[in-house]
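The following note collects points for a colleague who is about to examine the model. Please read it alongside the coordinates.

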Amino acid sequence: MTDTLSQDDLLSILLHNRIFSGLLPGDMHQMLEACTHHSFAPGDIIYSRKTPSNAGFFLLTGRVELQSQVIPGQTRANQIYTAGNPFGIEGLIKTWDRPETCVAIESSQALRLEGTALSALLDSADAAAFRLSDHIMEHFVEAVREANRTLHDLYVRPDRTLALLRELQATQENN
Amino acid sequence: MSEQEKPKLPSTIAIGDKPNLGSLKSGSSDLGQSQDEGAARLFRSVSLFSTLDAAQVMEVMRLCTIETYTAGQVLCKEHDAADAMYIIERGEVSISRRSGDEDVRVAYLGDGAVVGEMALIVSSPRSATIEAVSETRVYRLEGRDIEALRRQRSVTAYKIIFKLLETLGDRRQKVLARVDDLFANPSAQVEVFLRHTRDLAESLERAQQP
């Protein structure tokens with residue numbers, strides 16, 4: 001249980017999300033028990049790009065931003081997550097390097113769930129784990145498609161990529 | 001597995017036969033039991049099913065149909081809707097893609113290989129044509145059956161799905177690494193993309209000619 005949020009508060013936040021809609025409070029208990037609580041101040045880095053991780057998060061309060069830097073020098077804010085939403089959930093599948101940096105935009109609290117814990121919940125046929133896994137599947141297939149599109153776009157318009165490479169080359173030479 | 005060790009097949013095989021799993025429970029003829037144990041061994045060797053226990057493997061096997069193809073028969077064609085995966089019990093298949101006016105063979109796969117597993121979670125056209133090179137016996141697992149299991153909240157289905165997501169994620173990591181490599185040393189890539197740009201320009205010019 002967190003310092004400022006009661007168990008009922010946590011359940012209210014999570015059950016409000018469409019991922020868990022229709023579930024009962026009792027359906028969420030095992031998953032909540034498996035999570036650890038974390039607080040973040042504005043500007044705190046929750047996780048960094050290229051660091052390995054096998055965990056996902058539920059945002060309880062505040063807001064966080066996922067920043068991807070697919071093209072060097074062009075930091076792009078992927079998405080802002082608000083309270084009640086999971087983020088960084090591809091980490092629940094396997095240990096991979098994070099493809100983006102996650103930063104707290106304001107004071108935030110989040111629950112962290114390890115991939116091994118989700119696996120154990122699935123083995124016990126936990127209802128909340130099934131719902132979360134469905135969401136992971138939908139989200140992740142689209143994330144893979146987006147990565148493929150990014151690479152495809154670099155090659156299908158080689159002129160644009162060439163211009164960018166020359167720009168980076170000039171920057172490196174000036175430095 | 002040597003020819004002597006491989007379970008002998010019955011004299012007649014029909015496409016669409018369900019694996020005879022009854023013999024595993026009833027302990028009937030040595031021939032049937034040996035065949036089913038061979039099938040179970042094959043399924044346990046498939047990486048996609050590596051996190052399943054024995055009962056869960058049996059659950060998957062019950063969903064499969066057995067199909068046999070003679071040399072030259074096509075299991076599935078490039079651009080067809082991908083709706084099933086294949087596990088090759090015995091035989092050999094070729095994987096080919098259309099390039100212009102010709103089919104280009106990109107791989108050959110044999111006993112124990114798995115083809116088309118992504119069809120279980122992703123709806124997309126087949127990326128290649130799969131054709132039997134010799135008499136080939138396969139287990140076919142339909143995506144809709146895994147989806148039906150998932151809707152029933154089967155742990156087996158979710159374990160399979162997560163293994164597939166791992167494979168997808170490993171590929172994504174490689175794609176992202178490739179993008180990183182591209183920009184890690186821009187000077188080295190300038191010449192490469194200059195060539196790509198010229199090739200594209202020439203291709204566009206050719207396309208405009210009557």
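Contact here means heavy atoms within 4.5 Å. This is a predicted model, in which local features need pLDDT of at least 70 and side-chain atom pairs count only at pLDDT 80 or more, while totals for chains, interfaces and linings use all residues. Residues are numbered from 1 along each chain as its sequence is written, chains are lettered from A and ligands numbered from 1 in the order in which they are written, and side-chain values use heavy atoms, with hydrogens and water left out.

1. Interface between the chains. In chain A, 43 residues are in contact with 34 residues of chain B. The area buried between chain A and chain B is about 3700 Å², and carbon and sulfur atoms give 71% of it; buried area is the accessible area (1.4 Å probe) that two parts lose on being put together, summed over both. Of the area that chain A buries against chain B, 16% is supplied by Met137(A), Tyr155(A) and Leu165(A), more than by any other three residues.

2. Helix α5(A). Helices (H or I, at least four residues) and strands (E, at least two) are DSSP runs, numbered from the N terminus. Helix α5 of chain A, residues 158–174, has 17 residues and reaches 24 Å from its first C-alpha to its last, close to the expected 24 Å; the expected span is 1.5 Å times one less than the number of residues. Its buried residues are Pro158(A), Thr161(A), Leu162(A), Leu164(A), Leu165(A), Leu168(A) and Gln169(A). They cover an arc of only 165 degrees around the axis, which puts them on the same side of α5(A); the arc is that of the directions from the helix axis to the C-beta atoms. Arg160(A), Glu167(A) and Asn174(A), on the other side, are exposed. Buried means under 20% relative accessible area, exposed over 50%, and partly exposed in between (1.4 Å probe, protein chains only).

3. Pro186(B) lies in helix α6 (residues 186–208) of chain B and is buried, with a relative accessible area of 0%. Leaving aside neighbours within four places in sequence, Pro186(B) is in contact with Leu165(A), Leu168(A), Gln169(A) and Gln172(A).

4. Nonpolar cores. A nonpolar core is a set of buried Ala, Val, Leu, Ile, Met, Phe, Trp, Tyr and Cys residues joined through side-chain atoms within 4.5 Å. The largest has 68 residues, and those with the most contacts inside it are Phe20(A), Met31(A), Phe49(B) and Leu165(B). Helix α4 (residues 127–156) of chain A gives the largest share of this core, ten residues. A second, separate core of 15 residues includes Leu162(A), Leu165(A), Leu168(A) and Val175(B).

5. Strand β3(B). Six of the seven residues of strand β3 (residues 84–90) of chain B are buried. Six bridges join β3(B) to the antiparallel strand β8 (residues 136–142) of chain B, where Ala84(B) stands opposite Glu142(B). Two bridges join β3(B) to strand β6 (residues 114–115) of chain B, also running antiparallel, and Ile87(B) stands opposite Val114(B) there. Two strands pair if DSSP finds at least two bridges between them.

6. Backbone angles to inspect. Most residues other than glycine have a negative phi. Phi of Ala125(A) is near 55 degrees, a positive value; Ala125(A) is found in the loop between α3 (115–123) and α4 of chain A and counts as partly exposed at 41% relative accessibility. Phi of His79(B) is near 80 degrees, a positive value. His79(B) lies in the loop between β2 (74–76) and β3 of chain B and is exposed, with a relative accessible area of 61%.
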